[in-house]
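My notes follow the display.

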Amino acid sequence: MGLNDIRNQSFPIVSYEQWKEKAEESLKGKPIESLRKTTYEGIVLKPLYCEEDLKAFVDLPGRGDFRRGLYPFGYHTNNWKIAQKISASTIEGLSEKLQAAFQKGQTAIAIEISKELAENPEHLTKMLSGFYQYYPFAIHAKEEQEKLILELENLVKESERDTITGYLAADPLSSFSLIGFMPENTTDFFQKWTAVIRKTSDEFPNLKTVLINTTPYHNGGASAVQELGIAAAAGVFYLQTLLDNEMELEKALATFLFQFSIGASFFTEIAKLRAARVIWSKIAETFGASPAHQGVQIAAETSAYTKTVYDPHVNLLRAGNEAFAAVLGGVQYLHVAPFDELTGSSAFSERIARNTQLILQKEMNLQQAVDPAGGAWYIEALTNELAEKAWEFFQQIEARGGILETLTSNWLQAEIARVHEKRTNDSFTRKTSIIGTNVYANLTENGKNVKKTSKQLAAIPENQEIIRIKPIPQTRLSIPFEQLRNRAESLTQKPAVGFICLGSLKQHKPRMDYVKGFLAAGGIEGIASSPITTVAAAREFLNSCKTKHFCICGSDDLYETFGMDLLEAVKNEFPEINFYLAGLPDQEMQQLWRQKGISQFIHVKSNCHELLSAMLSEMEASLNEQAKA
């Protein structure tokens, strides 16, 4: 074979049916459809995607619906900004930390609005001198936006104001959802707010001031579809409000910036960011904007909803996964939370968080790639489905009167709570794994107190009528299991369950290991017996343990030939003991086991949280009785 022959060689074209056939071979006869999975967004994920899954032509980056990013050359010409939020207890400390961060890779002025800064906004002038000329802003100003903008006017000369970039933005709607009230006269409130936006747009034409912040909804448990639909509804509300107050369309659009929290579902989060640009492009086009003004910048942060108190170093992996998804999704600003932020971050954890972004930029060279996810059939199909379903949810909001009305009626809060409940139930049954919390928990680790933070700086203004709404709780998926661990650690006696290990190691170890991990999620230790082959050996083990909770572990064969007789014998002698069985027999055998004394079966379909909570309640009650005696 010559060189020309080699050059003309190509791989054979493989059909979908051939792929399917090969896949089903590896599944040992199971249909490939068995691998389909339905997400919290109601999207059915397929195991195989092909070109036919693309419903429309996918344009180049910087064109079309902007799904592939705002810029033709991506991060190569417009790198994302490392916008780690800097916080400190004093203004001096904040200034020092910000300066140190810039020396170590920070590329945006990103600070938390502390109580001291909110009460003394004039300190902003002192703190930002020497910074604002070189770095863009990345500040969620919350209720202090007008004060901070006034201070910025005092700081920056008129001739320099068009050089100020980034965002000093606020999202009143998301703030309302957090604090649980809004002004009764929302028309007057938003007229005053839009006056600030219009004035700032004239004075600082390249500074974004309107934030569409979906983080409160995300941290309440919302799905990606809900986040996108809410973002669209909030964006339309703000845009129409600005237009009603005589702001030009293109100037109004230039003030907008979206902010998303990035969750654990890697490909869904990439598609979420891409779908956000698709949706906003369609909205801007509908309002009459030219193609050049249909794009929108996005700021992102790693999710608080996915983080845990226990085994906090796993948060490093979670944040890295989320940051990677954010970058592939095409963000302009990114904050990676320190792994121990829940209990109080340190200089070390803050450095690691910043370096996560530097690794993505400098070692993985993601700033050199132009939309590496673009054109992938799976991601493009997922982007389309998210955009379509989010548009439907947006239309539901509009049909109910818009974003304000759905907040005041508490419909939106109920929709988010419904998804959060599904997520929680999946974590309870361990269908959703939380590493180090509901699976692979480390019993040698003691929990730390979660750092108390001010959820909102604003109080109810004096002499102002308000409308109360149901606030969206800011929560985390791991909290129920962390509460179990706290209960276990507060007991005067370390909670434990004894394992009655039937037969040889090979016969009892698989189920014993499963139950041991199951119990660890609630802070309960498993104490294994030596191999039990007689009732006398089991009796001796029961007498040697202080606990009143025991689980029988063994094979199905041993359960039938020995386990049930053993249980009947020891239950009569130890009626106060609670016995559990590892595994799930058929219905008829379950009834027999319960008659012999089994209170619960521990198996892969068990509600882990429910069972452990009941077990801890029994232990608490027993210890309280002992204390009274």
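I began with Cys50. Cys50 is buried, because its relative accessibility is 17%; buried means under 20% relative accessible area, exposed over 50%, and partly exposed in between (1.4 Å probe, protein chains only).

This is a predicted model, where local features need pLDDT of at least 70, side-chain atom pairs count only at pLDDT 80 or more, and totals for chains, interfaces and linings use all residues. Residues are numbered from 1 along each chain as its sequence is written, and side-chain values use heavy atoms, with hydrogens and water left out.

Next I searched the whole structure for disulfides and found zero. The test is a pair of cysteine sulfur atoms within 2.5 Å.

**Salt bridges.** I counted 28. The rule asks for a side-chain nitrogen of Lys or Arg within 4 Å of a carboxyl oxygen of Asp or Glu.

I looked up Lys192 and Asp188. Their side chains form a salt bridge at 3.3 Å, N to O. Both sit in helix H8 (residues 186-203), four residues apart, about one turn of the helix. Helices here are DSSP runs (H or I, at least four residues), strands likewise (E, at least two), numbered from the N terminus. Lys192 is exposed at 54%, while Asp188 is partly exposed at 30%.

Then I checked Lys307 and Glu322, which pair at 2.6 Å, N to O. Lys307 is in the loop between strand S9 (297-302) and helix H13 (314-329), and Glu322 is in helix H13, so this bridge ties together parts 15 residues apart in sequence.

Asp513 and Lys509 came next, at 2.4 Å, N to O. They are four residues apart in helix H19 (residues 505-520), about one helical turn. Asp513 is partly exposed at 34%, and Lys509 is partly exposed at 33%. I also noted one network, joined by salt bridges with shared partners: Asp65, Arg67, Arg68, Arg274, Asp371 and Glu380.

**Surface charge.** I found a negative patch made of Asp557, Glu560, Asp586 and Glu588. Patch members have over 30% relative accessible area and no salt bridge, with like charges joined within 9 Å. Glu588 lies in helix H22 (residues 587-596) and is exposed at 61%.

Methods: Patch = residues over 30% accessible without salt bridge, like charges linked within 9 Å, V, L, I, M, F, W, Y side chains within 5 Å. Areas by Shrake-Rupley, 256 points an atom, 1.4 Å probe, with all protein chains shown as cover. Lys, Arg positive; Asp, Glu negative; His and termini not counted. Charge placed at Lys NZ, Arg CZ, Asp CG, Glu CD.
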